[in-house]
Amino acid sequence: MNDVDQTAEALLLVEDLIFCYPGAAVKALDGLTISVPRGQVFGLLGPNGAGKTTAISIMCTLLRPNRGQLTLCGFDALKEAKKVRSLIGLVPQDIALYPTLSGRENLHYFGRLHGLSGIELKQRTEECLNLVGLLDHADRAVETYSGGMKRRANLAVGIVHQPQLLFLDEPTVGIDAQSRNMIIENLTRLKESGMTMVYTTHYMEEAQQLCGRIAIVDHGQVIAEGEPQQLVADQPDCTNLEELFLQLTGRTLRD
Amino acid sequence: MKQFLATFFKDLLILWRDRAGMLVLFVMPMALVLVVSLVQNNVLEATGRAAVKVLLVDVDQGYVGQQVRQRLADSGGIKLIETVEESPLDEVTARQLVAAGDYQFGLLIPAGLSDGLQTEVEHQAEQLFRSYPDPEEQNEALELKVKVFFDPTVQGVFRTAVLSSLRHAFFGLETAEKGRELSQRLKQYFGSMKTQESEQQLLGGNAFMLIDEEPAGGDPALRPNAVQQNIPAWSLFGMFFIVVPLSGALLRERQEGTLRRLLTLPVPYWALWAGKTMAYVTICLVQFCLMLLVGKYILPLFGTPVFELGNQVSAVFLLALSAALAATGYGLLIGTLARSFDQAAMFGAVSVVIAAALGGVMIPVYVMPKGMQLISQISPLAWGLDGFLELFVRGGNVQSIGSNLLSLFGFFVVTTLLSLLVFTRRGRSGG
């Protein structure tokens with residue numbers, strides 16, 4: 001599964017990140033450290049409140065950590081945020097699109113913000129719409145799309161500028177099996193094209209299918225990291241990733 | 001620049017597709033200005049120009065009634081109604097009609113008033129020409145009362161205006177009667193060379209002391225009227241209502257995660273901010289132009305005076321631009337501070353209504369109590385309205401509205417900086 005050389009230079013290097021929301025008693029991130037080599041799909045798994053979205057927000061330069069290092073494509077992301085932003089893409093948990101604009105208009109707008117224009121913008125828009133299977137619905141307002149179509153449009157906008165590193169924050173949440181399958185297929189194709197991805201999800205089978213390496217995060221720390229099959233194999237009483245996950249993070253509800 | 005333009009056109013497109021938002025932005029202020037101007041035009045006419053209907057019950061059926069009819073008809077301010085549904089009015093019916101609010105005033109000339117007036121005038125004249133006037137008789141002057149009854153809902157200023165007209169008519173009648181009697185007595189005592197016509201001219205002719213009304217200073221072509229005042233007032237109100245859709249749009253971007261995505265893009269935040277601001281400023285200016293067109297072409301169809309833009313078009317545009325910037329800045333601040341749509345819509349709308357009331361949009365500032373006049377100075381709508389009235393009514397120019405322009409632009413700068421400050425602080429802390 002893992003066809004990426006772990007010893008290769010890391011595209012994303014996160015070291016000892018600490019972040020605490022103002023007024024919060026507990027740190028959201030407490031020394032989080034991960035390394036993602038170029039071309040790898042890295043899964044960030046964890047229960048609700050484990051710190052996954054906070055980690056993604058810091059890696060996308062949305063939040064500044066209280067402490068730690070963040071290097072992306074060789075740039076210090078905490079000092080050169082603007083350079084880093086042109087290299088990354090984000091597919092957020094929310095449908096972060098303008099609902100009254102069509103799928104094509106949304107792609108055009110975000111593409112323009114990434115500096116695309118003219119034929120290049122048009123070409124990239126068509127390619128992305130085609131990839132996510134929305135070419136036939138490109139001129140419909142996003143608000144008329146089904147949940148799955150919205151998720152696919154959300155993905156298309158995240159990749160319109162061909163980022164070197166794509167962050168996906170639970171991109172398949174709340175959609176039917178068909179749409180989920182299509183998104184996984186799209187992501188597999190992007191993976192095959194060599195795109196590096198950091199992927200958070202609650203669906204273990206997705207992580208197992210897509211990710212070359214995963215980190216299980218809880219209380220803002222990495223509690224296990226490795227190739228999915230290897231992690232399962234290392235625990236003799238676990239037969240799959242979900243059992244391992246529950247064993248490591250416990251069965252207590254996290255609200 | 002490309003990113004600024006992309007955001008500018010994106011926001012215009014979103015606004016264009018938001019039918020409910022467009023209704024709030026364009027139809028509501030136009031409907032408001034239409035209704036308020038027509039209503040106020042009618043009020044102005046009721047209190048000044050067109051005749052007010054007053055029920056007349058003339059029990060006396062004598063000389064006083066004839067004279068009062070004549071004098072009120074000449075003044076044009078009051079129209080006397082003596083029959084309702086083809087039946088002559090009596091006191092009871094007239095009182096019922098006024099009490100029910102069907103008419104606002106009733107005038108009762110009691111029986112014997114004409115005779116009483118004649119007797120009293122003759123009596124006073126006799127006293128005047130008597131060699132030794134009786135001081136006791138002098139103090140026994142008759143009180144001849146005419147009754148006026150009014151609808152209790154009629155407000156003070158309107159009531160005072162109608163009563164003044166009636167008093168004016170009765171005072172003129174009494175003076176004329178006294179003059180006529182005096183003239184006859186003079187003729188009896190001294191003889192006279194004057195003709196009957198010249199005597200009538202002196203006693204009952206047209207007044208030769210006239211009141212000439214004109215605005216103090218400014219362009220005489222710009223006549224103060226309801227339209228000249230309401231168009232700028234309600235245009236400003238409509239422009240500031242941009243707060244509701246703008247703050248809603250900002251909240252939507254925040255709550256739906258679009259802002260989160262925008263902030264991960266290699267775009268300076270000022271470009272997104274400026275693009276959005278300019279889109280909403282453009283909408284405000286289009287709204288303003290539409291309001292001017294309503295005043296120019298639609299209101300006159302309902303009988304109001306035509307709105308006159310005057311010859312300071314560039315100053316008008318500059319002031320409209322400053323007001324649009326101020327309104328947009330306020331919308332940005334509300335959208336940044338509010339935590340929910342309800343907060344933004346409620347606080348935004350209510351604060352604009354309060355600022356409009358304070359700013360003289362609904363009631364002119366000069367009729368407010370002294371304390372409220374002082375408070376009104378903090379309303380951006382007051383700065384804008386004062387500027388527009390300076391241009392539309394007082395015939396001012398760009399120099400004379402300098403302080404208004406600066407105040408509005410300063411308000412835009414302060415609100416924008418505040419919202420950026422709040423936004424940056426929240427962004428850093430993840431709040």
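How many bridges join strand β9 (residues 213-218) of chain A to β10(A)? Select both strands and you'll find five bridges, with the two running antiparallel. Strands here are DSSP runs of E, at least two residues long, and helices are runs of H or I, at least four long, all numbered from the N terminus. Two strands pair if DSSP finds at least two bridges between them.

Before going on, a word about what's on your screen. This is a predicted model, where local features need pLDDT of at least 70, side-chain atom pairs count only at pLDDT 80 or more, and totals for chains, interfaces and linings use all residues. Residues are numbered from 1 along each chain as its sequence is written, while chains are lettered from A and ligands numbered from 1 in the order in which they are written.

**Stop 1: the sheet in chain A**

Stay with that pair and click Asp218(A): opposite, in β10(A), stands Gln221(A). Now pick helix α9 (residues 241-249) of chain A, which packs on the sheet and touches β3 (41-45), β9 and β10 of chain A. Its direction makes about 30° with that of β9(A). (Axes are lines fitted to C-alpha atoms, for helices over the stretch in contact, and angles run from 0 to 180 degrees between N-to-C directions. Contact means that the C-beta atoms of two residues, placed from the backbone, lie within 7 Å.)

Next, colour the whole open sheet of six strands, in the order β6-β7-β8-β3-β9-β10 (chain A), with mixed pairing. At its edges sit β6 (88-91) and β10 (221-226) of chain A, each pairing on one side only. From one strand to the next, the twist averages 20°. Then select helix α5 (residues 147-159) of chain A: it lies across β6 and β7 (165-169) of chain A, at about 170° to β6(A).

**Stop 2: the domains of chain A**

Colour domain 1 (1-87 + 165-255) and domain 2 (94-162) of chain A separately; such bounds come from an automatic or database domain assignment. Their centres, taken over C-alpha atoms, are 25 Å apart. Where they touch, 13 residues come from domain 1 of chain A and 11 from domain 2 of chain A. Helix α6 (residues 177-192) of chain A gives the most to the domain 1 side, with seven residues.

**Stop 3: over to chain B**

Chain B has 17 helices and six strands. Find its open sheet of four strands, ordered β2-β1-β5-β6 (chain B), again with mixed pairing. The edge strands are β2 (78-81) and β6 (147-150) of chain B, and the twist averages 30° from one strand to the next. Zoom in on β1 (residues 52-58) and β5 (residues 105-109) of chain B, which pair in the parallel sense over five bridges. There, Leu55(B) stands opposite Gly106(B). Lying across β1, β2 and β5 of chain B is helix α3 (residues 63-75) of chain B, at about 140° to β2(B).

**Stop 4: where the chains meet**

Bring chain A back: 22 residues of chain B are in contact with 27 residues of chain A. On the chain B side, the largest share, seven residues, comes from α1(B).

**Last stop: confidence**

Colour by pLDDT, the predictor's confidence in each residue, from 0 to 100. Chain B averages 82. Within chain B, helix α8 (residues 196-204) has the lowest confidence, at a mean of 61, and helix α13 (residues 313-337) the highest, at 93. Where pLDDT is low, the predicted coordinates should not be read in detail.
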